[in-house]
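Let's take a walk through this one together. Have the sequence and the 3D view open side by side as we go.

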Amino acid sequence: MPKKTGMKNTTASRIPWSDFFRRMRKTRSNTALGTMKKRSPFRVLVSTVISQRTRDETTSKVSAALFGKYDTPAKIADAPLNELHRILKSSGFYRQKAKHIRALSRIVVSELGGVVPDTMEELTKLPGVGRKTAACVINYGFGKPAIAVDTHVHRISNRLDWVRTKHPDKTEQALMKIVPKRYWVELNDLFVSYGKVTCQPRTPKCSECVVVKHCRKVGVTQSK
Ligand code: SF4
């Protein structure tokens, strides 16, 4: 039987939330945001924009190069666009990312007194910032509860049968209803790590999965 958490765990075997997260913590590898040096809300914000549709390794490298040259919102706000293009190029979609990063830096400097907001509502008004990016800032930047749903979080939550959703935004809403708030901050980091190493998109490594007994493997047609 699950421990009383105030909310019911809907996993297949009803493993207590605390046990589930204890097992998952043992598997944690390194994500770009989880291992970021000199982490601040602004750096998390910019790095998450850089991370859109690119690999973690590239995000870390490009973010380090950007902050190595422009280490404040004001400096990025004044940076020449072609210089931002050069730095961001390897991350893909660099023109759009450069435009968004400079525009949001200008807003932070000129309209927000240099302070990155810590609410979903305010963050999603910034250019290039959707719910996932905003949740990352709240989560990794401020250490406040939010569930950042990327492709890994979306896929694993559905395979576990925690949720039955087609779109990450719906997954976010569904997870917020069932996962106790004290686990929100670590959920993204754990699932992103797990999704890259074990619960991979095409062929998950179920034989070495630490929560295999508690997973319904919804939609999994082949596994290792
Ligand atoms: S059992 Fe397989 S599908 Fe389920 S979480 Fe583990 S690796 Fe993913």
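The chain splits into domain 1 (17-27 + 148-214) and domain 2 (41-141), with bounds that come from an automatic or database domain assignment. Bear in mind that this is a predicted model: local features need pLDDT of at least 70, side-chain atom pairs count only at pLDDT 80 or more, and totals for chains, interfaces and linings use all residues. Residues are numbered from 1 along each chain as its sequence is written.

How far apart are the centres of the two domains? Taken over C-alpha atoms, they are separated by 26 Å. Eight residues of domain 1 are in contact with five residues of domain 2 (contact means C-beta atoms, placed from the backbone, within 7 Å). On the domain 1 side, α10 (168-178) and α11 are the elements that give two or more residues, and α10 has the largest share, with three residues. Helices here are DSSP runs of H or I, at least four residues long, numbered from the N terminus. By class, that side of domain 1 has four nonpolar, one polar and three charged residues. For these classes, Ala, Val, Leu, Ile, Met, Phe, Trp, Tyr, Cys and Pro count as nonpolar, Asp, Glu, Lys and Arg as charged, and the others, Gly among them, as polar.

Now go to helix α1 (residues 17-25), where Trp17, Phe20 and Met24 are buried (20 or more other C-beta atoms within 10 Å of a residue's own; exposed is 12 or fewer, partly exposed in between, with C-beta atoms placed from the backbone). Look down the axis of α1 and its buried residues fall within an arc of 65°, so they line one face of the helix; the arc is that of the directions from the helix axis to the C-beta atoms. What they pack against is α11 (184-197).

Over to helix α2 (residues 41-51) and helix α8 (residues 131-141): their axes come within 9 Å and cross at roughly 145°. Axes are lines fitted to C-alpha atoms, for helices over the stretch in contact, and angles run from 0 to 180 degrees between N-to-C directions. From α2, the contact takes in Pro41, Val44, Leu45, Thr48 and Val49, and from α8, Thr133, Cys136, Val137, Tyr140 and Gly141. That makes seven nonpolar, three polar and no charged residues.

Last, a backbone detail: Asp161 isn't a glycine, yet its phi is positive, about 70°. You'll find Asp161 in the loop between α9 (151-159) and α10, partly exposed, with 16 other C-beta atoms within 10 Å.

Note on methods:
Contact = placed C-beta atoms within 7 Å.
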